[in-house]
Amino acid sequence: MDRSPGLSVRVRLTLSYAGFLMLAGVLLLAAVWVFLLRYVPDRAMLISPDDKPTNGVFPVRSTLLEVFAPRAAAVLVFLLLFGLLGGWILAGRMLAPLTRITHATRMATSGSLSHRIRLPGHKDEFRELADAFDTMLEGLEAHVAEQQRFAANASHELRTPLAISKALLDVARADPHRDTGELVDRLHAVNTRAIDLTEALLLVSRAERRSFTRERVDLSLLAEEATETLLPLAEKHGVTIGTYGDVAPTIGSQALLLQLTTNLVHNAIVHNLPEQGTVWVNTGVRPETVVLTVENTGAKLTPQLASTLTEPFQRGTERVHTDHDGVGLGLAIVKTITHAHDGTLTLTPRSAGGIRITVELPAISIAPHIDR
């Protein structure tokens, strides 16, 4: 925003300090006049006991004013100069932290997000501002780095189906008599994967922008809907699904939260034991939050591996691989949707194998039902 030039904060603080100092001096001199000089007589009063001549001259108001006024003016001039000089120095020391914050802001604007203010000293308003700015820079730097990794991974993932399609078309062009049925089937599969990946990227972007309408949602109903939808897939993999829990009302996007629940259940099914696997889906209510927990059986995971599973295009290479690995955005979408709803996501490896994933979202009160 273009603004017309004006006085700096340091100059305004200096003028304020000098002005208050001058005002205090004037009030002090006025107090001297009101409470002292007004009781001095305006003409000489000679009193001689026993009619003896007096020695010396009794001071009168006019004489004191002639002596007092030049000294008072000199004092006011001194206070003005002292106030300006002292105010300039004090204002500079007080505003020094703002100079460092401004410098850090300009560096961040130019693209340097690694710079930190780290303002020393005891806690005050300036240092709270500097600490908050450092925290913001730290989060922004991490977010930018994550977005750069995401963009690089997305480009790589999208390049793969495009490269495969190009190779298939080149083969078909080189051999016109080749059976086109197989080519069409392979192109269809590659194109389907590219579409799924693009839709997943759009879903992540939509959730990050929080461009959705919030409404009352019951996580227990979403859990039932997701398990019913994925029941054929579970039967195909020989996985048993158990759904239980309480009503868990929250505020958010029903479509996004259903996608979150579906991704969790789908992930628990396809990354399970080869035979006789189990998935547990549970909903519950805590004092201020509602909880959706999905856990499954499977291979043992390390905490280090579990902590990376929510990164985009990360797959648990130590887990059992299936033909339903997806596009690598299942848990990344879950993480994005959870954060967009001001919730928390926790991944905990089970000691017996598999993983427990807990989504905690803000709860809303359940109005009591009154029969009439």
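Let's start with burial: 34% of the 372 residues of the protein chain count as buried. Buried here means under 20% relative accessible area, exposed means over 50%, and partly exposed is in between, with a 1.4 Å probe and protein chains only. This is a predicted model, so local features need pLDDT of at least 70 and side-chain atom pairs count only at pLDDT 80 or more, while totals for chains, interfaces and linings use all residues. Residues are numbered from 1 along each chain as its sequence is written, and side-chain values use heavy atoms, with hydrogens and water left out.

Now the overall layout. The protein chain has 9 helices and 7 strands. These are DSSP runs, numbered from the N terminus: helices are H or I with at least four residues, strands are E with at least two. Next, contacts, meaning heavy atoms within 4.5 Å. Take those with a separation of 6 or more: 71% of them join residues 24 or more positions apart.

On to the core. A nonpolar core is a set of buried Ala, Val, Leu, Ile, Met, Phe, Trp, Tyr and Cys residues joined through side-chain atoms within 4.5 Å. The largest one holds 48 residues. Which of them touch the most other members? They are Leu-219, Leu-264, Ile-269, Val-279, Val-281, Leu-292 and Val-359. Helix H7 gives this core its largest share, 8 residues. As general background, nonpolar side chains tend to be buried together in soluble globular proteins.

Look at Leu-264 for a moment. Set aside its neighbours within four places in sequence. Leu-264 is then in contact with Leu-292, Val-294, Leu-331, Val-334, Ile-357 and Val-359.

Two of those partners, Leu-331 and Val-334, bring us to helix H9. H9 covers residues 330–340. Is H9 mostly covered or mostly open? Mostly covered: 9 of its 11 residues are buried. The buried ones include Lys-335, along with Leu-331, Ile-333 and Val-334. After H9 comes Asp-342, with a positive phi near 60 degrees.

How do H7 and H9 pack? Their axes are 9 Å apart, at an angle of about 145 degrees. Axes are lines fitted to C-alpha atoms, for helices over the stretch in contact, and angles run from 0 to 180 degrees between N-to-C directions. On the H7 side, the contact uses Leu-256, Leu-257, Gln-259, Leu-260, Asn-263, Leu-264 and Asn-267. On the H9 side, it uses Gly-330, Leu-331, Ile-333, Val-334, Ile-337 and Thr-338. By type, the contact residues are 8 nonpolar, 5 polar and no charged. In that count, Ala, Val, Leu, Ile, Met, Phe, Trp, Tyr, Cys and Pro are nonpolar, Asp, Glu, Lys and Arg are charged, and the others, Gly among them, are polar.

Next, aromatics. Rings of Phe, Tyr and Trp (its six-membered ring) pair if their centres lie within 6.5 Å; planes under 30 degrees apart are stacked, over 60 edge-to-face, and the rest tilted. The count comes to 1 aromatic pair. Phe-78 and Phe-82 form it, stacked, at 5.9 Å centre to centre and 20 degrees between the planes. They are separated by about one helical turn, because they sit 4 residues apart in helix H2. Both Phe-78 and Phe-82 are exposed.

Now two backbone spots. Most residues other than glycine have a negative phi. Arg-118 has a positive phi, near 50 degrees. Where is Arg-118? In the loop between helix H2 (61–109) and helix H3 (125–174). Arg-118 counts as exposed because its relative accessibility is 61%. Gln-276 also has a positive phi, about 55 degrees. Gln-276 lies in the loop between helix H7 (254–270) and strand E4 (277–285). At 70% relative accessibility, Gln-276 counts as exposed.

Last stop: Trp-280, in strand E4. Trp-280 is partly exposed because its relative accessibility is 26%. Gly-242 is 38 residues away from Trp-280 in sequence, yet 4.9 Å away, C-alpha to C-alpha. Leaving out residues up to four places away in sequence, Trp-280 touches Gly-242, Tyr-244, Thr-293, Val-294, Glu-295, Asn-296, Thr-297 and Arg-350.
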